[in-house]
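The following exercises are meant to be worked through with the sequence and the coordinates open side by side.

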Amino acid sequence: MSEKVVAVQDAWRQGAHVDDAKYQEMYRASVSDPDGFWGEHGRRIDWMTPFTKVKDTSFAPGNVSIKWFDDGKTNVAYNCIDRHLETRGDQTAIIWEGDDPNESRHITYRELHAQVCRMANVLRNRGVSKGDRVTIYLPMIPEAAYAMLACARLGAIHSIVFGGFSPDSLAARIQGCEAKVVITADEGLRGGRKVPLKANVDAAIGRLPKDAVDHVIVVRRTGGSVAMEPGRDVYYHEAAEQVTDACPAEAVEAEHPLFILYTSGSTGQPKGVVHTTGGYLVYAAMTHEYVFDYREGDVYWCTADVGWVTGHSYIVYGPLANGATTLMFEGIPTYPTNARFWEVIDKHKVNIFYTAPTAIRSLMGAGEGPVKTTSRASLRVLGSVGEPINPEAWDWYYRVVGDSRCPIVDTWWQTETGGILITPLPGATALKPGSATRPFFGVQPVMVDAEGKEIAGPCEGNLCIKDSWPGQMRTVYGDHERFEQTYFSTYPNLYFTGDGARRDADGFYWITGRVDDVINVSGHRMGTAEVESSLVAHAKVAEAAVVGFPHNVKGQGIYAYVTLNEGEEGDEALRKELVAWVRKDIGPIASPDLIQFAPGLPKTRSGKIMRRILRKIAEDDFSTLGDTSTLADPAVVDDLIENRQNRA
Ligand code: 6R9
């Protein structure tokens, strides 16, 4: 691994929120006196009822309970909009850049206020009130932010489903939280192609019990014609004409749920991760300010989709709570050309740019040409998220995109953590390409070995977090036991991240990837169990095992071993059919890249599939298969190697 060190440049330190000494001092204070530290920083948001309690958390087995600022009351929409009106009503809150480069809009904080109030009134007129769940299935248009903030304004709980998910996945997520209202658009637009969102909603609702959903609110994006069911469906622009643009923000308890976001785990169906109000917002806002060294007047751009946690915390909630100008991009990095990102940066004078390694790797393929047609002089800080960034991609991002002028903050975090946990700070931390470096304030990483023993000093092991931070998820929606089981039972009294890591002699962390059965495809999490259960639902499939394998652009690709029913023939046509099947069942991000038909899978005598062996073969590295003596039938391994699909 690269041990290159890029020292903090003088220019990065100039005007930065913290230098190294200040980081050390604040970090020490945050862990030695969490109540004092967060009591102070908890006041960075406005409270309708000030809190008197700060931290009230326990990771104890059987009694996991996480509460922050528990007796305070506030409202997230109020903090993201209303409190800015007096000082920055005419400042741009959201720059919207359309899929088509000729389409963009600036939305001021005052306009945002009016739009969010209208959307909140439309929801309220349809019976939505505090605690109700609303599913949002929208493309990257301003209405997605309005919808989130409108829910927050009423104390309703939103659950956003990424527009790339299939009707089946959407149906499961609507049902999982019993949402009575769905907000969608006629169609989405990405890379010049239309996505049939409303038709997907109709198909999803068709799979649910009758009357499961009371209302579908349809934002007109493309104007494409869609079926509208009388009494249930309404166009947003028509409903919005019937209401005013004033709607009070409901004061809710600090621990009132703000949103549910479904995420893949190592077993079973996706879990509804629950984030609450006060601690989440404090943490999202504070990390946004310090990690990106956000300064008044900056134009900030995070390229994620609001369907993922990065979009929640770092397109909408963190930036708006800080009164920032946040850019929301509807399109893709390669449309109409490979220069799109860099052109948008010049067009809107972006200062802070936050994207994923997979995007960098795909653009690297086009060479430096498309980057060098642009100036990018406005850029000051670059960020990376979603997966480990390989040193080659890091170097290209630093040298070619940032002209060796801008620090790269490699931010490690998860849907569950609500905000960034391990990251450099631009004015404080020396950079090592490929390392997420050091913990943010209040975060205490610990490394444990396979037996759960804490390891000190430089080492490799499983990454856990010792104590709570305000942005931590509170529970799995409707299943607190699953929450405890998933995150707190592997290593008692610790939050287990599911990631492996290395800690070097400087105490810097290098995330090596998931140690559970989760694969990271282009920065998106997929549970191998989900893909497997989709495959075995196909009539010709008897058994399936899915693992990840190294992929040049996606980081990891999906490799499926499939055993067919007696008499079925595994050929190219069936491969295509199975890929299409999974795509339709879960969504394009779950499409297997490689399928190997296997007469048998390597199993222990007790019938457990030995994934370690399958991973090795998928990596095209079968020289060190390790101990195969516990296999029920060692001969299957020879066949698997012989017919492997990923050959150098
Ligand atoms: C924010 C987000 C979480 C998983 C996480 C880890 C991987 C995210 C990373 C990273 C190395 C980074 N991950 N950021 N690995 N370096 N900077 O991506 O949330 O979709 O829940 O994924 O992504 O494996 O456990 P989520």
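A residue is near a molecule or strand if one of its heavy atoms lies within 4 Å of it. This is a predicted model, in which local features need pLDDT of at least 70 and side-chain atom pairs count only at pLDDT 80 or more, while totals for chains, interfaces and linings use all residues. Residues are numbered from 1 along each chain as its sequence is written, and side-chain values use heavy atoms, with hydrogens and water left out.

**Exercise 1. The ligand shell**

Task: Determine how many residues surround the ligand and which are the closest, then find which polar side-chain atoms lie by its oxygen atoms.

Solution: Begin with the shell, where 17 residues surround the ligand, the closest being D410, T411, T415, D499 and R525. By residue class, the shell divides into six nonpolar, six polar and five charged, where Ala, Val, Leu, Ile, Met, Phe, Trp, Tyr, Cys and Pro count as nonpolar, Asp, Glu, Lys and Arg as charged, and the others, Gly among them, as polar. Next, assign the shell to helices (DSSP runs of H or I, at least four residues) and strands (runs of E, at least two), both numbered from the N terminus: α12 (309-321), β20 (408-411) and β26 (509-514) each supply at least two residues.

Then list the polar contacts, which are pairs of N or O atoms within 3.5 Å; within protein, one must be able to donate a hydrogen and the other to accept it, and residues adjacent in sequence count only if both atoms are side-chain atoms. A polar side-chain atom of T415 lies 2.5 Å from a ligand oxygen, one of D499 lies 2.6 Å from a ligand oxygen, and an N or O atom in the side chain of Q414 is 2.9 Å from an oxygen of the ligand. The ligand has 530 Å² of accessible area on its own, of which the protein covers 96%; such areas come from the Shrake-Rupley method with a 1.4 Å probe, and for residues only the protein chains shown count as cover.

**Exercise 2. The surroundings of T497**

Task: Decide whether T497 is buried or exposed, and describe what its side chain meets.

Solution: First locate T497, which is in strand β25 (residues 495-503). With a relative accessibility of 3%, T497 counts as buried, the term meaning under 20% relative accessible area, with exposed meaning over 50% and partly exposed in between (1.4 Å probe, protein chains only). The side chain of T497 places a polar atom 2.7 Å from the backbone oxygen of L463 and a polar atom 3.0 Å from the backbone nitrogen of D499, and the side chain of D499 in turn has a polar atom 2.6 Å from a ligand oxygen. Finally, with neighbours within four places in sequence left aside, T497 is in contact (heavy atoms within 4.5 Å) with W412, Q414, L463, C464, I465 and R514.

**Exercise 3. Helix α18**

Task: Identify which residues of α18 are buried and which elements they pack against.

Solution: In α18, which spans residues 528-536, the buried residues are T528, E530, V531, E532, S534 and L535. These buried residues pack against the strands β27 (518-521), β28 (524-527), β29 (541-551) and β30 (555-564), and also against the helices α19 (572-585) and α20 (611-618).

**Exercise 4. The whole chain**

Task: How many helices and strands are there in the protein chain, and what fraction of its residues count as buried?

Solution: The protein chain contains 21 helices and 31 strands, and 60% of its 648 residues count as buried.
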